[in-house]
Amino acid sequence: MEGLSLCFFMFVVLNASCSCGGRLLDTNREEEIILFENGAGQAPPMGWNSWNHFQCDINEEMVRETADAVVSTGLADLGYQYINLDDCWAELHRDSEGNMVPKASKFPSGIKALADYVHSKGLKFGIYSDAGTQTCSKQMPGSLGHEEQDAKTFASWGVDFLKYDNCENSNITAKERYPKMSEALLNSGRRQIYFSMCEWGSEGPALWAKSVGNSWRTTGDIEDKWESMTTIADANDKWASYAGPRGWNDPDMLEVGNGGMTTEEYRSHYSIWALAKAPLLIGCDVRTMDSTTLELLSNKEVIAVNQDNLGVQGRKIKSEAGLEVWAGPLSNNKIAVVLWNRSSSKATVTAYWSDLSLEPQKVVDARDLWQHSTQTSVSGQISAELDSHACKMYVLTPS
């Protein structure tokens with residue numbers, strides 16, 4: 001396992017390909033890594049976004065109440081810092097000077113006042129635009145052709161995060177459109193605006209977007225359904241080797257708490273997103289969420305895997321008839337492991353040390369991150385009997 005961490009850093013420094021003799025870290029590519037240097041995104045972002053639950057039914061009161069709830073529930077103290085407004089916040093037409101205008105009926109105090117309120121809570125504020133002529137709702141203008149103007153507007157409002165969508169794009173390639181906003185943000189006077197590229201994985205952004213933004217969508221939109229969540233997890237997994245500090249794969253926002261999946265399915269959703277170093281952006285109504293949802297979103301040990309300093313995306317390393325092992329290296333020679341039963345019936349899932357690139361005689365302590373219990377002196381393998389669609393998540397620490 002020591003070799004995995006060392007090999008990763010050698011790859012970053014020397015731009016070499018590296019198989020590391022195991023399955024946990026596959027960086028079989030040889031292009032130069034040039035990162036988008038705005039000072040943001042050292043770890044995957046954590047926060048909340050309005051779209052999954054509210055879509056266009058948004059207003060400033062709801063956003064203020066959400067910021068309050070993120071603080072009062074303790075989520076802010078756990079690292080959830082961004083309060084992100086998605087589509088439908090602006091009027092359909094720009095003003096006479098070409099500026100975006102907040103929708104008066106929804107945001108009468110203006111966006112700067114809203115950002116100021118969010119900042120007063122110790123949080124950061126995010127906004128949404130589109131690399132096309134209109135946004136996906138077609139209810140507000142996009143930023144195509146207005147990149148510099150809009151970036152300066154966002155900066156003047158105190159925006160900390162920009163989600164940049166891909167609708168109505170006039171058939172201009174993403175490689176042409178997204179760098180223009182990237183440069184505009186860097187020149188906006190507010191350099192540390194996290195740039196979230198919502199390009200849907202259409203043009204393989206993992207191959208080129210690391211020099212353009214802090215994260216890039218690898219998939220289409222998630223739905224609050226088991227089939228959607230698992231399909232997206234698999235699609236994101238193929239790009240695992242391209243993620244790292246300041247440049248993350250994004251399989252879309254969390255659906256935990258929106259009601260379309262069971263508790264165990266949501267636990268699996270959250271575990272895989274955390275392991276995959278995905279942005280952890282809550283998509284439910286945190287003002288009214290139940291205690292089970294709060295418990296899932298508040299697991300410090302799972303969050304620690306997502307925010308681990310090594311920044312290596314965990315990946316699927318074994319799959320047999322719906323019984324899967326996902327794993328990835330962590331700092332201090334630890335390994336994060338998810339045993340996941342995606343089959344339709346109860347089954348036992350096993351990770352053998354050979355699956356994890358561990359020596360057969362290696363002895364570890366296995367910390368169960370959901371039960372908050374530790375098995376000591378574990379050797380050779382780790383197994384769990386799991387209900388359908390359930391998972392177990394562990395951190396293995398070599399003794």
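A helix here is a DSSP run of H or I that is at least four residues long, and helices are numbered from the N terminus. The views below all come from a predicted model.

**View 1**
Helix 5 spans residues 147–157. Its buried residues are E147, D150, A151, T153, F154, A155 and W157. What covers them? The cover includes two helices, helix 4 (111–120) and helix 6 (174–186). It also includes strand 3 (124–130) and strand 4 (161–165). Just after helix 5 comes G158, with a positive phi of about 85 degrees.

**View 2. Helix 5 packs against helix 6.**
The axes of helix 5 and helix 6 are 8 Å apart. The angle between these two helices is about 40 degrees. Angles under 35 degrees would count as roughly parallel, and roughly perpendicular begins at 65. Helix 5 and helix 6 are therefore oblique to each other. Is their crossing left-handed or right-handed? The crossing of helix 5 and helix 6 is right-handed. Helix 5 brings E147, E148, D150 and A151 to the contact. Helix 6 brings K180, M181, A184 and L185. By class, the contact of helix 5 with helix 6 has four nonpolar and four charged residues, and no polar ones.

**View 3. N166 in the loop between strand 4 and helix 6.**
N166 sits in the loop that links strand 4 to helix 6. Is N166 buried or exposed? Its relative accessibility is 4%, so N166 counts as buried. Which side chain makes a polar contact with the side chain of N166? The partner is R177, at 2.8 Å.

**View 4. Helix 7 beside helix 8.**
Helix 7 covers residues 226–237, and helix 8 covers residues 263–275. Their axes come within 11 Å. They cross at roughly 20 degrees. That makes helix 7 roughly parallel to helix 8, because angles under 35 degrees count this way. The crossing of helix 7 and helix 8 is left-handed. From helix 7, W226, M229, I232 and A233 take part in the contact. They meet E265, H269, I272 and W273 of helix 8. The residues of this contact divide into six nonpolar, one polar and one charged.

**View 5. Q313 in the loop between helix 10 and strand 9.**
Q313 is placed in the loop between helix 10 (300–306) and strand 9 (315–320). It has a relative accessible area of 3%, so Q313 is buried. Not counting residues up to four places away in sequence, Q313 touches N236, D237, A240, A243, N249, L275, A276 and K277. The side chains of Q313 and N249 are joined by a polar contact of 2.9 Å. N171 is 142 residues from Q313 along the chain. The C-alpha atoms of Q313 and N171 are separated by 32 Å.

**View 6. V325 in strand 10.**
Strand 10 runs over residues 323–329 and holds V325. V325 counts as buried because its relative accessibility is 1%, and buried means under 20%. How far apart in space are V325 and L339? Their C-alpha atoms are 4.9 Å apart, although 14 residues separate them in sequence. Not counting residues up to four places away in sequence, V325 touches R315, K316, I317 and K318, among others. Its contacts, counted in that way, also include V337, V338, L339, V349, T350 and A351.

Key. Residues are numbered from 1 along each chain as its sequence is written. This is a predicted model: local features need pLDDT of at least 70, side-chain atom pairs count only at pLDDT 80 or more; totals for chains, interfaces and linings use all residues. Side-chain values use heavy atoms; hydrogens and water are left out. Buried means under 20% relative accessible area, exposed over 50%, partly exposed in between (1.4 Å probe, protein chains only). Contact means heavy atoms within 4.5 Å. A polar contact is a pair of N or O atoms within 3.5 Å; within protein, one must be able to donate a hydrogen and the other to accept it, and residues adjacent in sequence count only if both atoms are side-chain atoms. Axes are lines fitted to C-alpha atoms, for helices over the stretch in contact, and angles run from 0 to 180 degrees between N-to-C directions. Angles under 35 degrees count as roughly parallel, over 145 as roughly antiparallel, 65 to 115 as roughly perpendicular and the rest as oblique. A crossing is left-handed if the near helix is turned anticlockwise from the far one by less than a right angle, and right-handed if clockwise. Ala, Val, Leu, Ile, Met, Phe, Trp, Tyr, Cys and Pro count as nonpolar, Asp, Glu, Lys and Arg as charged, and the others, Gly among them, as polar.
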